[in-house]
Each structure stands twice: as structure tokens, then as C-alpha cells.
Amino acid sequence: MALNRPLATLSIVAASALALAGCASSNDADAASGDEGSGETIEFTFQQNVAGEDEEPEYVEETVDVPKNPESVVFFDMASLDTWAALGGPAAIGAPLDSVPDYLADGVADDAFNAGTLFEADLVEIEAAQPELIIVAGRSAALYEDLKGIAPTVNLSSEGSFEETLERNTAFLGEVLGAEDEAQAAIDDIEAQIEDVRAKTADIGTGLSVMVAGDSISALKPSEGDYSGRNLRGGLVYDVFGVQPITDDIEAATHGEPVSFEFLEDYDPDYLFVTDRNAAVAEEGAQTAEVVLDNEIVHSTTAWENDQIVYLDPTAWYIVFGGLETAQIMIDDIANAIS
């Protein structure tokens, strides 16, 4: 995927990789291999949901000793793979290969093994590979109990807002890689770009974020400070980028509240921000969001008449929605739409 990344993120990534390489070449022979084998670790604490699938979440605090500069890492979280690669980390030795987006493929080794899916790990393959670190989050968080006996495993699921989670996880991965300065510079750059976008969205009128699944649409609501999984992703357009919602009278749900096309006509937002789940999950036989929304009712809306229906990158917004490169894609989506 070709990316338009006009500001500092690409240079930060390049600088971090060079800085890490420079450290290896300029130090003595023992340091040339990094901290691999040194036994140096850092502590990382996170909240792990121990409730069953259909039960109310119940969190316990887990603390894990994480090795510094691991060379063999398995990723079950695409956002973490994104940030790890952006900070110059070594290519992953394993991942759910069918879930790795094209734009993150360079973060996975050419000979990487398929570690399973985001919901089911291939424990035999992973144990045979003997990784130094395993990372889960979000969809794969439930794999933690199965994986922690194989190698140090951390759960980088969202804790707090999108920005808080991105900052926490970037800082942690930067510390693991000895790239703390590069991690902070990347976060500063992302935050500055978001603030710039928010200054512009303040003047665009109202917006509505929707998801298209099958031939139906769902309306997504602002999180209103509730950053649980069902609200965090849906509220990104409003919470992160400052779009004024046309209504907050929407039910909180993982994929939004199902609504009719007449709902769009009745509320008539200035902008319609569309996440195409059909495209994100490659739903067989499903029409694209552009086709689903190409009807007489939608044609009567302000967003259609003013060419202000914004189709967001489905992989970035639905599958990954985190990580440094993905955050840049999301910023560009909004910035280009309102420019």
C-alpha cells in the first residue's frame, strides 16, 4: 500500500533504525550483539481479563519480566507489530500470517511461521520456535493463559483512550528496544498532527461515523469517556479527531447500532465517515460500502450532495486501529478528507 506520510514519522523510523544499528557498531565486542543473552529485563504491568467469554469483564493485574532487545518475538497483535517495526525492532519470527496487512508485511521475517489466528494459537509451532517474547492484545488477549507458559507474554490491549494506549505501548516497546528517545519523538509527532487535524475539524460542521457490514449500516457513537472495547474503536472519529457528532443518541455496541438509510436522511450530517467492514474482513460476496450507500435516500443527504462521504482505510480503522504507521494512515484519512 502506497502511503502519503508528509511529516516526521518516516524520518523518525529511519532515524531509530540507524540509531540502533549505530549503537551496535560503535560499542565494544560484547555490546555489539545488543543485550541479547545478558539476562537484562524490564517489568511491565497490565490488566488481564479473567472472565469467561459471555461474562462481565473482571480484571487482574499481571506483571511480567520482559527481556531487553529480544531477537525472536511472536506477535498476535497487529498494532504492536506496527509500532515494533516502526521503532526498528527485528522482524517477527511468527504471527497469524493471514492477519498481517500488506503494509506491515516488512515487519515479519521472510521465513516466519504461521502462529495460528488472532483467536487460536498454534501452541505446538510456537513452543517449537522458543520465542523470547510473545505479544497479544485485543482480539487475541484471551490467548494469554495458553501462551504465558511458553515465553514471557504481555497483553497490550487498550487501557484508557486511543492516545493513552498508543503512548503507553509505544513507550514500552521503545524501552524494550532501547529506543526510548525515538519512541517519544514518534508520539510527539503523532500528537502534534492530531491537534492540527482537530483544529480543522472544529470548522467542518457535524459528522456521523458509520460501519457497513453486509448490506446494512450501523451508527457509531462517541465514547463519552467509556473506553471499553465496544466504544473505543467506534468513537475514534469523534474522540481523537474532534468531529462534532450529529447525535449521541446511539446505542453503544461493538459494531455500532443498526440503523436505516432513513436515519442518515433524518439526521443529515455534513460529513459521513464510513468504515467498510466488508472490505476489512474480505466478506465473500459482499458489496463494497460505496455500492451499499449508492441509493436514492443517501443521494438526498448533505454529505452526498457535497461529496463529503469519507471512506476510511478499512484495515487501519477496523483491523489494526493502533500502532505508529496505522495512526499515520488514520490521520491522513481525516486530514485529506477535510482539506
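Biologist: Which residues in H15 do Ala186, Ile187, Asp189, Ile190, Gln193, Ile194, Val197, Lys200 and Thr201 in H6 meet?

Modeller: Happy to start there, with the reminder that this is a predicted model. Contact here means heavy atoms within 4.5 Å. On the H15 side, the partners of those H6 residues are Leu324, Ala327, Gln328, Ile331, Ile334, Ala335 and Ile338.

Biologist: How do the residues of the contact of H6 with H15 divide into nonpolar, polar and charged?

Modeller: Gly would count among the polar residues, and Asp and Lys count as charged. The contact of H6 with H15 comes to 11 nonpolar, 3 polar and 2 charged.

Biologist: Are H6 and H15 roughly parallel or roughly antiparallel to each other?

Modeller: Helix H6 (residues 180-201) packs on helix H15 (residues 324-338) at an angle of about 20°, and their axes are 10 Å apart. Angles under 35 degrees count as roughly parallel. H6 and H15 are therefore roughly parallel.

Biologist: And H5 with H15: roughly parallel or roughly antiparallel?

Modeller: Good one to set beside it! The angle between H5 and H15 is about 150°, with the axes 11 Å apart. The cut-off is over 145 degrees, so H5 and H15 are roughly antiparallel.

Biologist: Which residues make the contact of H5 with H15?

Modeller: H5 passes H15 in a left-handed crossing. H15 brings Leu324, Ala327 and Met330 to the contact, and H5 brings Phe162, Leu166 and Thr170.

How values were computed:
Residues are numbered from 1 along each chain as its sequence is written. This is a predicted model: local features need pLDDT of at least 70, side-chain atom pairs count only at pLDDT 80 or more; totals for chains, interfaces and linings use all residues. Side-chain values use heavy atoms; hydrogens and water are left out. Axes are lines fitted to C-alpha atoms, for helices over the stretch in contact, and angles run from 0 to 180 degrees between N-to-C directions. Helices (H or I, at least four residues) and strands (E, at least two) are DSSP runs, numbered from the N terminus. Angles under 35 degrees count as roughly parallel, over 145 as roughly antiparallel, 65 to 115 as roughly perpendicular and the rest as oblique. A crossing is left-handed if the near helix is turned anticlockwise from the far one by less than a right angle, and right-handed if clockwise.
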